[in-house]
Structure formats: structure tokens, C-alpha cells
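Work through the exercises below with the structure open beside you, and try each task before reading its solution.

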Amino acid sequence: MSERQIQLEVLRYNPETDSEPRYQTYSVPCLNEWVVLDALNYVKDNLDPTLSYRWSCHMAVCGSCGMMINGEPKLACKAFIHEYTDQIRVDPMANFPIERDLVTSVEDFIAKLASVKPYLIPKEDKPISAGEFKQTPAELKKFKQYTLCINCMLCYAACPQYGLVPEFLGPAAISMAHRYNQDSRDGGRDQRQEVIATDTGVWECSFVGACSEVCPKHVDPAGALQQVKVASTIDWYKEHLMPWMKK
Amino acid sequence: MNKPYVRPLSKTSWFLTQPRYKRYMAREVTCLFIFAYTFLLIMGLKRLAEGPDAFNAFVQALGSPLGVLFNLSVLIAAVYHSTTWFNVTPQAMPIQRGEEFVPGKIIIGAHYALWAVVSLIVLILGV
């Protein structure tokens, strides 16, 4: 296993002492098989225990270690050292306020995600004795890709629209609404439309497409948002031009 | 202690920070060329209404080096505009047949085919 000396340039911010963030460079002996998260762990364990960042699973499942690596939104556990030169710059996720070092505030996203009611709202109540809500493989496939979202927020870090207009509901939250709207067992679309088919909802999206390009789970949030736009437009025409078509 | 730091973001030059943002802006900017061409068509209608002399002068102006350059740049912009949008149509309009989704290439290909057919009709009607 080959070893490389990497210059890891990390944005540091201590809310107790700093008025603004600054870069600090660590020289880290990295194995070529490492990911950037391993390098950060090396710094934390051997060079500077004050460095703060989030991580948990180290296998692209928990969605905690999102950060900007050389300016690109990445999971630090999925960014392999061998894909980079000996100089790597690490910033906290763009478009989010910095709490400390690489730790960003997630409250805004959590509130937005909750606002779209990301759970099944059954069309009608039925007693448990009536059995399960059945679904065909085709009905499952219709929304399955969206279930792979791990709420890592990299799509928000990639979205310039979210950076410019922080009120924007954003890619992951709207994709999650779309996921439940597409579910044959769900009847909550009208409730979600009130939140997502708005100026700060899907109509704030201008289809830059960056969200889908950076998604580590290959979900296509940009596609979901365009589909929501198409469906919302059809709703409008039905309501205004063909009121008798309304369900 | 909770004192989050918000990094400044330039409202006017944010798109210079990432190649994918530049590609996005290139796609968006092409619509200005389409706008300019639409304006030219309206001007053509106005000249047509003013009589044969005015319209002939308009057509002659289109054939001037500047007119050709304008038409060529609009053509390039329109082709870029159309192809970039065609290429994202599978994301906006997925089609599910049975269990599987129709491959994106077929949806994109159908747009190109329709484009060719419409262009052919326009060409035949125009000659």
C-alpha cells in the first residue's frame, strides 16, 4: 500500500473566538486507498483534536459527512484520495451557515423536509384486519429511486438557487414530496401541493441540474422537480380551463 | 455558543465559481438570441405591412454580411438551446411501460426525430 503526503487545507471556524473562517493546512500521511474522511480522522486523532466535522457510517449510507472537497459537494467517505492531487481543500457544505469548522446548520433543511409531509398519508383509513396495502413491482419502481435519498444535503450545497434564495424549499424536500405523491398507496398529494407548488417551492427551481449531478446515491432530484412542475401546470389548466375535469 | 457564520455569495458572479453553473448560464443566455430573432420576425412583418419596397429592403438587409452573421449566430444559439433541452427531456418526462422505464435515449431520439420532420415540412413549404 503506497503512502502519500497530502496537504489538507481545511476551513476552520470557532464561533467562540473567530469573527470569520480561515484556512488551516495539515500535512497528512495518507494511504492511497484512503478517503478524505480517513485523512480528517487522522488529523483529529494525531494532529489536532479540536477539528470538528460530522461523520458516522463511513459507507455512504448515513449522509453525515457531506462537505465541499476542492469546491465540489461530496461525501468525505466517498471521496477517494487517489482521485486527487497532493493538495486537497475541504470546506463546509456551501449555502449552509457554518456552526463550527466543517459542521453546518441543518435546522432549515429539517424544517423544510418536515413541511412536505414525507410519509404515507393513506387514501382511506382501513382497519389492520383488512390487511396490508398492496403494491405491484411496477408501482414500486415508479418512485423507488427517490427512496434512496439519505438526506445528506449535498443537493442543497450544489444548488445555486438555494444559495441565492434561502427560502427555496430545495431539491431533496421536493423530491421526497414527489416520492410520496407517486406512491400508489398515498392520498396526500393535495396537502403537499400547498407547500411545493408555490413560488418558494418548485417554481423557484430553474433546472440548473447540479443537484442530480452531485447526488451520491444517484437519485435524480432535478428530474423530480421538473415532473412536479409538469403535474402542477396540468393542475392549473384543469382548474382554470376545464373546471368540470376537476376530480 | 451558537453563532453561525453565513458565507457571502455574490449575486452577480456566483455562476463563475463552477463549470456546471457556466454551462447552465450558457443554456439560459441562448434564449436572448431566440428573443432577438423573434423581434426580427416581428420587424419583418411590420416591413411586409409597409409594402413591397420596404419588404424587399428588409430581405436585402438580411442578405448583408451583418444579416448573415446575425442569422448564423442565432442558428448556433438555437441549436445549442434545443439540444441542451432535448437532452434533459427524459428527466422531466419519464415514460414507464409495464415495470420498466423507457430508456432516455429513445425519448431524446424521438425529440430529434420530430425536430427533423418539422424542419423537413418547413423546408418543403418554404421552397
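**Exercise 1. Find which residues of H6(A) and H7(A) meet, and work out how the two helices are oriented.**

Solution. In this predicted model, begin with the contact itself, where Ile174(A), Ala177(A) and Asn181(A) of H6(A) meet Arg189(A), Arg192(A) and Ile196(A) of H7(A). Sorted by class, this contact is made of three nonpolar residues, one polar residue and two charged residues. Next, take the geometry: H6 of chain A, residues 171-181, and H7 of chain A, residues 189-196, pack at an angle of about 160 degrees, and their axes are 10 Å apart. Angles over 145 degrees count as roughly antiparallel, and H6(A) and H7(A) are therefore roughly antiparallel to each other. Finally, the handedness of the crossing of H6(A) and H7(A) is left-handed.

**Exercise 2. Determine how H6(A) and H9(A) cross, and which residues of H6(A) and H9(A) meet.**

Solution. First consider the axes: those of H6(A) and of H9 of chain A, residues 221-241, come within 9 Å and cross at roughly 60 degrees. That angle makes H6(A) oblique to H9(A), and the crossing of H6(A) and H9(A) is left-handed. Then list the residues on each side: H6(A) brings Pro171(A), Ala172(A), Ile174(A), Ser175(A) and His178(A), which meet Pro221(A), Ala224(A), Leu225(A), Gln227(A) and Val228(A) of H9(A). The class count for the contact of H6(A) with H9(A) is seven nonpolar and three polar residues, with no charged residues.

**Exercise 3. Identify the domains of chain A and characterise the contact between them.**

Solution. Chain A is divided into domain 1, covering 3-104, and domain 2, covering 107-245, and the centres of these two domains, taken over C-alpha atoms, are separated by 31 Å. Across the boundary, 13 residues of domain 1 of chain A are in contact with 13 residues of domain 2 of chain A. On the domain 1 side, the elements that give two or more residues are E3 and E4 of chain A, and the residues of this side divide into nine nonpolar, three polar and one charged.

**Exercise 4. State how many residues of chain B and chain A are in contact, and which helices of chain B take part.**

Solution. The count is 18 residues of chain B in contact with 26 residues of chain A. On the chain B side, helix H1 (19-49) and helix H4 (89-92) each supply at least two residues, and H1(B) gives the largest share, three residues. By class, this side of chain B has eleven nonpolar, three polar and four charged residues.

How values were computed: Residues numbered from 1 in each chain as written. Chains lettered and ligands numbered in written order. Predicted model: local features only at pLDDT ≥ 70, side-chain atom pairs only at ≥ 80, totals over all residues. Axes fitted to C-alpha atoms, helices over the stretch in contact; angles between N-to-C directions. Helix = DSSP H or I, 4+ residues; strand = E, 2+ residues; numbered from the N terminus. Parallel < 35°, antiparallel > 145°, perpendicular 65-115°, else oblique. Left-handed = near helix turned anticlockwise from the far one by under 90°. Contact = placed C-beta atoms within 7 Å. Nonpolar A, V, L, I, M, F, W, Y, C, P; charged D, E, K, R; others polar. Domains from an automatic or database assignment.
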